[in-house]
Amino acid sequence: MRIGTRKSVMALAQTSEIARQLTAADPALDVEIVKFETTGDQDQTGKLLDLGGKGGAFVAQIRDAVREGRLEAAMHSLKDMPGNEDTPGLVIGATLTRDPPTDALVVRHGVTLADLRRTGGKGFKIGTNAVRRAAYVRRLFPECEIIHFRGAADTRIRKLDNGEKQRLPEGGEVGPADALVMAQAGLERVGCADRIAHCFSPDEILPAVGQGIVAVECAASDWCTLARLAQIDDPVSRCCAAAEREVLWVLNGHCNSPIAGYAIVEGDDVLLKAAVLDEANDHFIEVTRRGPASRPRELGRAVAFELLAKGAADVIARTRPVSAH
Ligand SMILES: NCc1[nH]cc(CCC(=O)O)c1CC(=O)O
């Protein structure tokens with residue numbers, strides 16, 4: 001089985017984990033990891049939205065290879081898969097057991113969470129590129145300056161430690177950063193767990209839809225691969241992913257929408273909390289609902305409709321990038 005992936009440290013760690021689980025289930029299986037240099041990785045400065053969004057930039061070439069039969073499967077971080085586009089001919093064959101879905105704080109030497117809390121962030125620069133994280137960071141530390149900071153997880157930490165500035169897409173530079181907010185799962189996968197100063201609870205920062213879940217995509221008609229992927233599929237992850245992603249779908253959320261969504265399975269129920277973040281008015285539209293775990297999409301839809309009824313559509317429309325295509 002040939003599995004395509006980007007070649008960042010994080011992506012390779014995720015793909016190796018898929019390979020490990022596949023060969024544990026079937027020791028006779030030969031797994032080959034095929035590394036792709038994608039347009040998204042070559043441009044470290046441009047705003048992701050200009051590259052057709054994170055999904056567009058990173059995954060289009062790998063998907064084409066699966067459709068053309070040059071690969072059997074593609075590795076994705078579910079968080080990076082847009083909720084508002086169809087992927088004809090492709091399906092998610094497996095969702096691995098979820099890693100921590102939460103976001104974490106990484107600080108430079110000499111800065112502590114207590115400093116940030118005591119000052120409300122005054123005088124500190126906190127780096128992130130996600131509108132969702134920026135909105136929550138502003139709520140947690142209202143006095144801080146939020147700066148645009150991107151790049152692979154290991155690169156971001158190196159810039160933080162070296163006090164490097166970050167070049168901006170529109171020219172100029174910002175920084176250096178005093179702290180970063182990044183996915184806990186990503187930090188762990190690149191071997192930087194020891195740099196986590198604090199894990200934000202979902203009440204502090206509600207995770208992104210699909211955060212912490214690795215997905216394996218394959219051709220919808222490739223039954224042989226589907227059967228293999230079924231062996232490593234975690235039904236709890238799949239249920240949470242279905243509930244969370246239905247919210248994105250109904251809200252027509254693009255990849256950097258100001259949307260958060262997090263589901264947990266509790267016995268026979270799934271509990272879903274979702275939020276749309278209105279930066280203009282510093283206002284969070286939030287909905288929490290419980291439903292049967294056998295019907296996660298219905299729950300996601302109900303939550304999304306309630307968000308819409310509370311004004312979510314206007315907020316999302318305002319943040320939609322104006323496409324050049
Ligand atoms: N945007 C990149 C990305 N895609 C997935 C993760 C790691 C967490 C996950 O698997 O959800 C990250 C890093 C980050 O957001 O800090």
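Guide: Let us begin with a sheet, an open one of five strands in the order β7-β6-β10-β5-β11, with mixed pairing. This is a predicted model, in which local features need pLDDT of at least 70 and side-chain atom pairs count only at pLDDT 80 or more, while totals for chains, interfaces and linings use all residues. Residues are numbered from 1 along each chain as its sequence is written.

Visitor: What makes β7 and β11 the edge strands?

Guide: Each of β7 (145-148) and β11 pairs on one side only, where two strands pair if DSSP finds at least two bridges between them. Strands themselves are DSSP runs of E with at least two residues, and helices are runs of H or I with at least four, numbered from the N terminus. From one strand to the next, the twist averages 30°, an angle between N-to-C directions that runs from 0 to 180 degrees, with axes fitted to C-alpha atoms.

Visitor: Why is strand β5 called mostly covered?

Guide: A residue is buried if 20 or more other C-beta atoms, placed from the backbone, lie within 10 Å of its own, exposed if 12 or fewer do, and partly exposed in between. In β5 (residues 103-107), five of its five residues are buried: Asp103, Leu105 and Val107 point one way, and Ala104 and Val106 the other way.

Visitor: Does the rule apply in a helix too, and what makes Val59 buried or exposed?

Guide: Val59 lies in helix α3 (residues 53-67), and because it has 26 C-beta neighbours inside 10 Å, Val59 counts as buried. Helix α9 is mostly covered as well, with 13 of its 17 residues buried.

Visitor: How do you know that the length of helix α9 agrees with its number of residues?

Guide: The expected span is 1.5 Å times one less than the number of residues. For the 17 residues of α9 (residues 235-251) this should give 24 Å, and the end C-alpha atoms are 24 Å apart, so the two agree. After α9 comes Asn252, whose phi is positive, near 60°.

Visitor: What is the order of the strands in the other open sheet, and why are β2 and β4 said to stand at its edges?

Guide: This open sheet of five strands has the order β2-β1-β3-β12-β4, with mixed pairing. β2 (32-36) and β4 (90-95) each have a single partner strand, so one side of each is left without a neighbour in the sheet. The twist here averages 35° from one strand to the next. Within this sheet, β3 (residues 73-77) and β12 (residues 214-219) run antiparallel and are joined by five bridges, with Ala73 opposite Cys218.

Visitor: Which domains supply the shell around the ligand?

Guide: At least three residues come from each of domain 1 (1-98 + 213-233) and domain 2 (103-199), with bounds taken from an automatic or database domain assignment. The C-alpha centres of these two domains, domain 1 and domain 2, lie 28 Å apart. Among the residues around the ligand are Ser77, Lys79, Asp80 and Met182, each counted if its C-beta atom, placed from the backbone, lies within 6 Å.
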